[in-house]
Amino acid sequence: MTAIMQARGLGKRYGRRWALTDCTLDIPAGHVVGLVGPNGAGKTTLLSIAAGHIAPTTGEIEVVGARPGGDPGHLARVGFVAQETPVYAGLTVAEHLELGARLNPGWDGALARDRIARLGLEPSRRAGRLSGGQRAQLALTLGIAKRPELLILDEPVAALDPLARRDFMRGLMEAAAEQELSVLLSSHLVSDLERTCDYLVVLTASRIRVAGEVEELLATHHRLTGPRRDPARLPAGQHVVSASHTDRQSTLIVRTEDPIHDPAWTVSALSLEDLVLAYMSEPAETGPRRVLEVQR
Amino acid sequence: MIWLTWRQFRVQAAAGSAALAALAAVLAVTGPGLADDYASGIAACGTDEACEMFARHFFDQHRTSFQAVLAVVLLLPALVGLFWGAPLITRELEAGTHRLAWSQSVTRTRWLAVKLGVTGLASMLVAGLASLAVTWWASPVDRAAGSEFPRMTPLLFDARGIVPIGYAAFAFVLGVTVGMLVRRTLPAMAVTVAVFTAVQIGMPLLVRPYLLPPTRTTVTVTAGNLDALMADGPGRPFQMRVEAPDPNAWILSNETVDRSGRTVKTVPLYPGTGPCARDKGPETCVAEIGRLGYRQRLVYHPSSRFWAFQWLETGLYGVLTAGLGGFCFWWIRRRLS
């Protein structure tokens, strides 16, 4: 399968501030990809570039095999649900489906009507009078019924209550499974992504920290606890993601392909949340930044 | 895309159509009566002098409604820019719905092209119909106004013929452009009105007079062409104004020159004394002005150029509109997100 997204040295500058720096990514198709990072890390910038809504300042990007945003044919292959799931407040639910049908050659009307019926949305209701959860579901329906190869969602559940959040994610997962849809969604909360994503990209302070399949990431990251020691003296092949020390004890989170033999360490597994937090709290490094990618 | 544009525009379109229909109804009800009154009055007046009296009286009688209708046509393009142009894109940007629209299988260039095309054509249609209706309604009043208010002169020129169509198209695209740059509806409306007003004031003052080279002529003052002889007070010299050979011309300058061709403000003749005393009659005064060598230099555009100017100015606004439109497309492709 082709990659859903390939980026090389991608960067975006607003005035003098870089919202995204030197982003290199190669995400294979067929995944539900979680893009996680704190607010303001550059997630929206990356996704907007991928959707073709903004042009990068530097670098190259291909989404489902072509540069984003160029021609209608490519637009039809990529769905995008923008942040805050905007819909036309003055248009009814049925009119939104009409809009989708008229503006998308591959529109699946039956699927859209079916989804709206299952969600219990009244077709004659104005979108401005829907609840936040219903609005998000309507936006998701528009994204799905267009039958894209890749659906990009920017913080789709950020504004939703837990119940609406669960329903939304469930609907998204069903669609992804039924339509063999690749999904790329962002969130600032790992818990939103933990149960749904099988591929993870961590973005903090405008840079990609780590990207890879969740299983691989969990298998190659370990928490080491033992007597205090300088992290620089670890064997080659063990990269320290984060380190904390007390007077006597060191706790390190390391990434390594190899088994850990040193008997001084107590090795424990990491949860996905721990792993993400370790990367998010990684201190700002000096010198050129390494882009970490887990080999498949 | 046309469906969506129309669906979003239909409330504004309904408001615009209702206003236009109301104007048309008022004009349709009063227009035939107005035309009849004028036709019968002109047929019955007999002598030239009586006819002139009638025309003056007729114009005075209808001056208020004439000015009200004039104001409607002058304001219409600004309203179009304000309520149809400025919100066209800002409304989407403020609600974030542009990102929904751009996520469909339609390029943003086409999205903008359809929005500009549909709403822009509606703007031009409304302005054209309003101008047509008002030009028809006002034609007896325009004729009665004659040289007092020639249609070549600013204000009336702006509200007759085809220029309102050009103004509306320009105001609309100006509103859209400002909206794209400012990104907020209310400030965009304010800036649109300010810029459009400035352009509408600047046009007749700074640009229109030079669209065609004006006619220049120096005439001898006669009792027939003398328009006004004014003094600032007793004992102050007279200033002169004459009528152009074409009474409905748009006079750009009307100045007195002496024997050697130099421009002078006044002639050395005074009210109440000498040849121009009130009891002498205008012929004596005019003869004295001629004897002293004073003549009047006129720069004007004859009324026969009305349509040439209409086409030129509409074309000029067309070019401005196209330029702003091109900028909108460039901006939406390169800068807007």
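What pLDDT does chain A average, and what percentage of the residues score at least 70? In this predicted model, the average pLDDT of chain A is 88, and 95% of the residues reach a score of at least 70. An exception is found over residues 284–296 of chain A, where pLDDT stays under 50. For this stretch the model has 12 contacts beyond four places in sequence.

The overall architecture of chain A comprises 9 helices and 14 strands. The radius of gyration of chain A is 21 Å, close to the 19 Å given by the globule rule for 296 residues, so chain A is as compact as a globular protein of that length. Along the principal axes, the C-alpha atoms of chain A fill a box of roughly 65 × 40 × 35 Å. Of the 296 residues of chain A, 43% count as buried. Among the contacts in chain A with a separation of 6 or more, 70% are accounted for by residues 24 or more positions apart.

Two sheets of chain A are described here. In one, 3 strands of chain A form an open sheet in the order 2-1-4, with antiparallel pairing. Ala7(A), for instance, has Leu25(A) in strand 2 of chain A as its bridge partner. Strands of a sheet pair through backbone hydrogen bonds, either parallel or antiparallel.

The other sheet is open and consists of 4 strands of chain A in the order 11-12-10-13, again with antiparallel pairing. Strand 11 (239–245) and strand 13 (266–268) of chain A are its edge strands, each pairing on one side only. From one strand to the next, the twist averages 20 degrees. Strand 10 (residues 221–227) and strand 13 of chain A run antiparallel and are joined by 3 bridges. In strand 13 of chain A, Ser268(A) is the bridge partner of Arg223(A).

Strand 12 (residues 249–255) of chain A contains Leu252(A). This residue is buried, because 21 other C-beta atoms lie within 10 Å, and the cut-off for a buried residue is 20 or more. Leaving aside residues up to four places away in sequence, Leu252(A) touches Leu224(A), Pro231(A), Val240(A) and Ala243(A). Leu252(A) and Ser242(A) are 10 residues apart in sequence, with a C-alpha to C-alpha separation of 5.8 Å in space.

The contact between the chains takes 25 residues from chain A and 16 residues from chain B. On the side of chain A that touches chain B, the elements giving two or more residues are helix 2 (72–77), strand 5 (78–81) and helix 3 (93–103) of chain A. Helix 3 of chain A provides the largest share of this side, with 5 residues. By class, the side of chain A that touches chain B has 15 nonpolar, 5 polar and 5 charged residues.

Technical notes. Residues numbered from 1 in each chain as written. Chains lettered and ligands numbered in written order. Predicted model: local features only at pLDDT ≥ 70, side-chain atom pairs only at ≥ 80, totals over all residues. pLDDT = per-residue confidence, 0-100. Contact = placed C-beta atoms within 7 Å. Nonpolar A, V, L, I, M, F, W, Y, C, P; charged D, E, K, R; others polar. Rg over C-alpha atoms; globule rule 2.2 N^0.38 Å. Buried ≥ 20, exposed ≤ 12 C-beta atoms within 10 Å, placed from the backbone. Pairing = 2+ DSSP bridges. Axes fitted to C-alpha atoms, helices over the stretch in contact; angles between N-to-C directions.
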